[in-house]
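Take a moment to look over the sequence and the fold. Then follow the paragraphs below, one place at a time.

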Amino acid sequence: MDVKVLQNLIKNTATLRERRVNRYKTSLRYYENKTDITNRNNGKSRLNKEGKDKPLRHADNRVPQNFHQLLVDQEASYVATKVPQIDVGDEKINNQIIDVLGDQFALTLNNLVVDAALGGYSCLHYWLDDDNNFRYSVVPFDQVTPIFDTTLTSKLIGLLRSYKQLDSDTGKYFIVHEYWTDQEAMFFRTPDTENVETLEPYNRITTFDVSAGYETGASNVFHHKFGRVPFIIFPKNRYREPDLFKYKGLIDAYDDIYNGFLNDIDDIQQVVLVLKNYGGTDLRSFMKDLNEYKAVKFNNSGNGDQSGIDTLQIEIPTEARNTVLNITRDNIFVQGQGIDPTKFDTTNASGTAIKMLYSTLELKASTTEANFRNSISDLVRAIMTYLNLPNAMSTNVIQTWQRTMIEDSLSQAQVLSTVANWSSKEAIAKANPIVDDWQQELKYQEEDAKNGDPFAPDSDYKPDDSEDDVDDEDE
């Protein structure tokens with residue numbers, strides 16, 4: 001790809017990229033509890049009792065409610081705390097894949113779910129390090145512009161990654177544009193983010209003469225050997241849209257009502273006195289008489305005179321506001337498909353009641369899982385290709401996902417006990433509420449059987465009939 005082609009690519013994708021990045025930044029801002037109510041305070045939560053210059057309306061409190069962060073983290077914890085178990089039909093290969101994924105896979109998957117909720121999709125990049133080890137990491141959403149083909153499969157055919165980099169010689173930032181295909185990566189740079197006409201090759205790849213064994217220069221092209229674009233897109237839903245905008249208006253409405261309530265509570269302490277036919281000469285004398293004598297002099301003009309003191313105070317429609325707040329809060333969790341923790345006020349809920357409580361969250365999590373499954377399979381196949389395993393691209397990847405939730409383990413154990421005699425050991429191990437790794441559990445059972453444990457499922461132990469004999473002499 002030459003400079004001109006990349007310039008056209010950047011220009012043609014600019015509108016879509018700007019829209020997605022703007023929505024992502026809004027979603028990230030709400031995730032950080034910087035909702036629109038805090039715009040006047042530069043995103044900060046602030047109590048301000050004297051923020052307005054109005055007689056009865058002094059308070060301008062702006063305290064946001066972090067519903068978005070709760071809903072996003074709730075799903076990420078529910079669906080991605082326990083990584084899905086991978087099975088490609090060979091235990092040895094399974095272990096090799098687990099070793100390559102390493103300990104960071106759980107946190108990476110959790111971050112992918114969070115980023116996908118904020119931006120509509122998340123992106124994972126994998127590469128080989130200097131020691132030829134397989135590495136992977138989440139790419140920030142605002143750096144990525146995926147390019148899909150126009151077929152029904154929407155295959156990823158290229159990816160543009162743009163990010164800032166510091167020039168140590170000048171102390172200034174410049175923009176790096178990387179374009180990745182299934183064969184190579186091309187690097188370009190520009191000192192101006194807005195003017196792509198200044199785009200030029202960025203020679204950051206050192207070239208070698210393998211036969212001579214020395215460096216021959218630098219190039220802006222890097223050839224990789226993955227045979228596919230080494231980036232994996234994890235879509236949140238079919239249309240790759242973020243979650244926030246399903247309930248953003250409800251959060252804004254809740255913030256508006258809640259902070260209006262706070263303002264009224266502060267302003268209600270401000271009382272305006274209305275004086276009619278006051279007999280004094282100035283307000284200082286009025287306040288002095290009121291404080292010292294608890295009495296004030298007024299002129300009286302006879303029958304029908306209305307001289308005296310009236311007060312102006314703010315009336316708070318408490319019941320109406322509480323009703324609207326409760327309805328709005330309920331709708332936030334309905335539209336956000338989450339669980340309101342304040343509603344879980346029982347400790348004796350049955351298994352069915354708990355499942356009903358998690359029903360909307362399960363719907364959202366199931367959609368996320370369905371969209372993530374293909375991406376996880378792509379990652380597994382990339383690892384198998386790296387390991388030079390046969391049939392890597394055609395291997396069926398079985399994934400077992402587990403949820404993290406409050407559950408009635410007793411009810412689940414009773415169900416397992418009922419169906420144990422008609423179910424496979426593998427099915428029982430997977431559903432066992434006290435088992436985290438069902439594959440390891442099966443290994444433990446095999447070891448117990450070999451060691452003669454009479455309670456092991458495969459044990460050949462049989463009780464000695466003599467143990468059951470009754471001593472006739474004792475009868």
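Leaving aside its neighbours within four places in sequence, which residues is Gln399 in contact with? They are Gln85, Ile86, Arg373, Ile376 and Ser377. Keep in mind that this is a predicted model. Gln399 itself lies in strand S15, which covers residues 398-400. Look at Gln85 in that list of contacts. Gln399 and Gln85 are 314 residues apart along the chain, yet their C-alpha atoms are separated by 5.6 Å. The side chain of Gln399 also makes polar contacts. One goes to the side chain of Ser377, at 2.9 Å. Another goes to the side chain of Trp401, at 3.0 Å. Is Gln399 buried or exposed? Its relative accessible area is 7%, and buried means under 20%, so Gln399 counts as buried.

Now turn to helix H4, residues 91-101. Which of its residues are buried? Ile93, Asn94, Ile97, Val100 and Leu101 are. Seen down the axis of H4, these buried residues fall within an arc of 125°, so they line one face of the helix. An α-helix has 3.6 residues a turn, so residues three or four places apart point the same way. On the other side of H4, Lys92 and Asp99 are exposed.

What covers the buried residues of H4? The cover includes two strands, S1 (85-87) and S3 (134-139). It also includes helices H5 (105-119), H10 (359-386) and H13 (438-450). Next, check the ends of H4. Asp90 caps the N-terminal end, with a side-chain oxygen 2.9 Å from the backbone nitrogen of Lys92. After H4 comes Gly102, and its phi is positive, near 75°.

Two loop residues come next. Asp243 sits in the loop between strand S12 (231-235) and helix H6 (248-267). Its relative accessible area is 4%, so Asp243 is buried. Not counting residues up to four places away in sequence, Asp243 touches Glu75, Ala117, Lys236 and Lys364. With Lys236 there is also a polar contact: the side chains of Asp243 and Lys236 are joined at 3.5 Å.

Asn220 is the other loop residue, found between strand S10 (214-219) and strand S11 (221-223). Its relative accessibility is 14%, so Asn220 counts as buried too. Leaving aside neighbours within four places in sequence, its contacts include Ala185, Met186, Phe187 and Phe188. Pro201, Tyr202 and Asn203 are also in contact with Asn220.

How many cavities of 30 Å³ or more does a search of the whole structure find? It finds three. Among the residues that line the largest cavity are Leu16, Arg17, Tyr121, Phe141 and Pro146. Helix H2 (14-31) and strand S4 (144-148) are the elements that give two or more residues to this lining. H2 gives the most, with four residues. By class, the lining of the largest cavity has six nonpolar, one polar and two charged residues.

The second largest cavity has a volume of about 50 Å³. Its lining includes Arg19, Arg23, Gly119, Tyr239 and Glu241. H2 again supplies the largest share, three residues. By class, this second lining has two nonpolar, one polar and five charged residues.

Note on methods. Residues are numbered from 1 along each chain as its sequence is written. This is a predicted model: local features need pLDDT of at least 70, side-chain atom pairs count only at pLDDT 80 or more; totals for chains, interfaces and linings use all residues. Side-chain values use heavy atoms; hydrogens and water are left out. Buried means under 20% relative accessible area, exposed over 50%, partly exposed in between (1.4 Å probe, protein chains only). Contact means heavy atoms within 4.5 Å. The arc is that of the directions from the helix axis to the C-beta atoms. A polar contact is a pair of N or O atoms within 3.5 Å; within protein, one must be able to donate a hydrogen and the other to accept it, and residues adjacent in sequence count only if both atoms are side-chain atoms. On a 1 Å grid over the protein atoms alone, a cavity is a set of points where a 1.4 Å probe fits but cannot get out, and a pocket is an open set with protein on both sides within 12 Å along at least five of seven lines; lining residues have an atom within 4 Å of a point. Grid points are joined across faces, edges and corners, and a volume is the space filled by probe spheres set on the points. Ala, Val, Leu, Ile, Met, Phe, Trp, Tyr, Cys and Pro count as nonpolar, Asp, Glu, Lys and Arg as charged, and the others, Gly among them, as polar.
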